[in-house]
Amino acid sequence: MTDVEPEELPRGIALAWGVAANPQRGPKREMSVERIVDAAVELADAEGIGAVSMAAVAAKLGFTPMSLYRYVSAKDDLLLLMEEQAVGLPPEDLREIDGWRARLRAYFEAQVLIYLRHPWMLSLPITGSPITPNSSAWLDSALEALDGTPLNPSERLAVALGCTGQARWYGTVLAGYTEQARTSGLSADEITAREAALFDRVITAAEFPALRAAIDSGVFLHDDDPFRFSIERYLEGVETYIAGLDRGGDHADAAPWLRDDSAELSADKRVRAAAKHVREAEKALRSARKEERQVRRDAAARLASRTEK
């Protein structure tokens, strides 16, 4: 039997776990990976992720960019370490909360707060599981909340990822509104009123009947939080599923929705050409419907004019 050497950890992950080799040479002892990451996070918090570059971080620390590369050899590694620091560890008091549902709700809220404190994190691409200490601690916390439930390991992971995904989406929306308020000077209520007015101007009952009915009900002016409603219904659904397992029900089929070759099919030239034809047809359909609405308005105006005579 041939022993297979384990794959070497990528540099960024090794740095996060503190097992990367130290640079053989470098500037003064004041320089360290921790100081570099601290400076980068401060830049991102103040000016956004676009302000972060090796040159900008070096300037903030008073060193040259080449000095940084001796500690963090690639910007992607720096971004990974920045995310790891910003995520931090899950709150200790999560363990003190009774019940998996209440604990996952608090887990969700704690993650949303991270995105509000560091909205630049939402701009970082998701390239796979972040195999770093703090990120692993968050996932461990969610899985621990589900200890004692009849969910199998795959289902527990699915529930944990569902909470994380909901938190990221909620954080994306809240961060977007926060940024809009900062740049426009408008209050949250003023932004909501402006958006409702824009919807009211362009959405017609003929083209979007369900959305028009929602607008007329004042749904965009309500104080209700749709994301909190959503996470509660999500957890409620998990609770119902767990109750079914407790009654002896079967575990659900978790077969993937997408075929393994879905990405390859989407990249096929003929598939892409067909998709382009569909987009062109949809564009023509929208144009035709717009023309029809105008013609109907003109006809209604002529009819009203004749009736008045």
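Biologist: Which helix gives the largest share of the lining of the second largest pocket, and how many residues is that?

Modeller: This is a predicted model, and the second largest pocket in it has a volume of about 690 Å³. Its lining has 22 residues, and Tyr177, Thr192, His222, Asp224 and Pro226 are the closest to its centre. Helices α8, α9 (188-202) and α11 (226-246) each give two or more residues to this lining. The largest share comes from α9, with 7 residues.

Biologist: How do the residues of that lining, in the second largest pocket, divide into nonpolar, polar and charged?

Modeller: For this count, Gly is placed among the polar residues, while Tyr and Pro count as nonpolar. On that basis, the lining of the second largest pocket divides into 14 nonpolar, 3 polar and 5 charged residues.

Biologist: Which helix gives the most to the lining of the largest pocket?

Modeller: The largest pocket holds about 990 Å³ of space. It is lined by 31 residues, and Glu83, Gly128, Ser129, Pro130 and Ser135 lie nearest its centre. At least two lining residues come from each of α1 (11-17), α5, α6, α7 and α8 (153-184). The helix that gives the most, with 6 residues, is α5.

Biologist: How many residues in the lining of the largest pocket are charged?

Modeller: Asp, Glu, Lys and Arg are the residues that count as charged. The lining of the largest pocket has 18 nonpolar and 9 polar residues, and the number of charged ones is 4.

Biologist: Why are the buried residues of α3 on the same side of the helix?

Modeller: Helix α3 spans residues 54-61, and Met54, Val57, Ala58 and Leu61 in it are buried. An α-helix has 3.6 residues a turn, so residues three or four places apart point the same way. The four buried residues are on the same side of α3 because they cover an arc around the axis of only 100°.

Biologist: What covers the buried residues of α3, and which residue follows this helix?

Modeller: The cover includes α2 (33-47), α4 (65-69) and α5 (75-87). After α3 comes a residue whose phi is positive, near 80°, and that residue is Gly62.

Biologist: Is His118 buried or exposed, and what is its relative accessible area?

Modeller: His118 lies in the loop between α6 (100-117) and α7 (133-145). Leaving out residues up to four places away in sequence, His118 touches Val41, Asp45 and Ala86. Buried means under 20% relative accessible area. His118 is therefore buried, as its relative accessible area is 12%.

Terms used. Residues numbered from 1 in each chain as written. Predicted model: local features only at pLDDT ≥ 70, side-chain atom pairs only at ≥ 80, totals over all residues. Heavy atoms only, no water. Buried < 20%, exposed > 50% of the residue type's maximum accessible area, 1.4 Å probe, protein only. Arc of directions from axis to C-beta. Contact = heavy atoms within 4.5 Å. 1 Å grid on protein atoms, 1.4 Å probe; cavity = no way out; pocket = protein on both sides within 12 Å on 5 of 7 lines; lining within 4 Å. Points joined across faces, edges and corners; volume = space filled by probe spheres on them.
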